[in-house]
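Trainee: I am new to this structure. Please take one part and go through it closely with me.

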Amino acid sequence: MFRHHGDAIYAYATDRLGGEDAQDLVAEVFIVAWRRLATIKVGEERPWLFGVARRLVMQHRRHRADQAALQNHLQSKLAPSDISSSDPDAVERAEVVSALAGLPEADREVLLLRYWYDLSGREAAKVLGCTAATFAVRLHRARRRFEKRYEDRSADPEPLPAGSFTAYTRGLQ
């Protein structure tokens, strides 16, 4: 299970917490998986692991608010204005990250689970603890909000939220 899903869980943890705490969180996720191995349904390991990771991230954030503030400070340095306009791909990535940063956390989470982590609607719904139909509605609304934010790129970019986007903004520098 670790060989198949460890990298995806690590990317999710890195995205939410940053590199230092991600390894510890991944270890905790697979400790829980080891203890609950008999209760995990075959074929549903990935969403189950993401669900455990999500709950552990929320628990971690409650206990480490000071680290979240530091992460927010570091992420604010990744502004699209710092990117060379000679690389159109980097500029577009920065605009997408900026549009995502302007969304509420719930919208970002829905979009990232579905499109960045490539979970199916059913799998993402299990991660969030809702029905597939509820997830589909949330995804539809989040996409509309993202499209509106992305189309309005001329607005001042907001700083990136704490613990977000660390796994895939590395290509911006």
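Trainee: Which loop does D118 lie in?

Mentor: Keep in mind that this is a predicted model. D118 lies in the loop between α6 (105–116) and α7 (121–128). Its phi is near 60°, a positive value in a residue other than glycine. Most residues other than glycine have a negative phi. D118 is exposed, because its relative accessible area is 58% and the cut-off for exposed is over 50%.

Now take Y117. Y117 is also placed in the loop between α6 and α7. Y117 counts as buried, because its relative accessibility is 5% and buried means under 20%. Y117 forms an aromatic pair with Y12. A pair of aromatic rings is described by the distance of the centres and the angle of the planes. For Y12 and Y117 the centres are 5.4 Å apart, with 65° between the planes. That pair is edge-to-face, because the angle is over 60 degrees. Y12 sits in helix α1, 105 residues from Y117, and the pair links distant parts of the chain. Y12 is buried too, with a relative accessible area of 1%. Y12, F50 and Y117 form one aromatic cluster.

The count of aromatic pairs comes to 5. Another of them is F146 with Y150. Their ring centres are 5.8 Å apart and their planes are at 20°, so this pair is stacked. F146 and Y150 are 4 residues apart in helix α8, which means about one helical turn separates them. Both F146 and Y150 are buried.

F50 leads on to the core. The largest nonpolar core has 38 residues. F50 is among those with the most contacts inside it, as are I9, L25, V29, L113 and F135. Elements that give two or more residues to this core include α1 (2–17), α2 (19–35), α3 (45–63), α6 and α7. The largest share, 7 residues, comes from α3. In soluble globular proteins, nonpolar side chains tend to be buried together. Look at L25 for its contacts. Leaving out residues up to four places away in sequence, L25 touches A13, L17, A53, L56 and V57.

Finish with α5 (88–101), which also gives two or more residues to the core. It has 14 residues and reaches 20 Å from its first C-alpha to its last, close to the 20 Å expected. Its buried residues include A90, A94, V97 and L100. What covers the buried residues of α5 includes α6 and α8.

Key
Residues numbered from 1 in each chain as written. Predicted model: local features only at pLDDT ≥ 70, side-chain atom pairs only at ≥ 80, totals over all residues. Heavy atoms only, no water. Buried < 20%, exposed > 50% of the residue type's maximum accessible area, 1.4 Å probe, protein only. Core = buried A, V, L, I, M, F, W, Y, C linked by side-chain atoms within 4.5 Å. Contact = heavy atoms within 4.5 Å. Expected span 1.5 Å × (residues − 1). Phe/Tyr/Trp six-rings, centres within 6.5 Å; stacked < 30°, edge-to-face > 60°.
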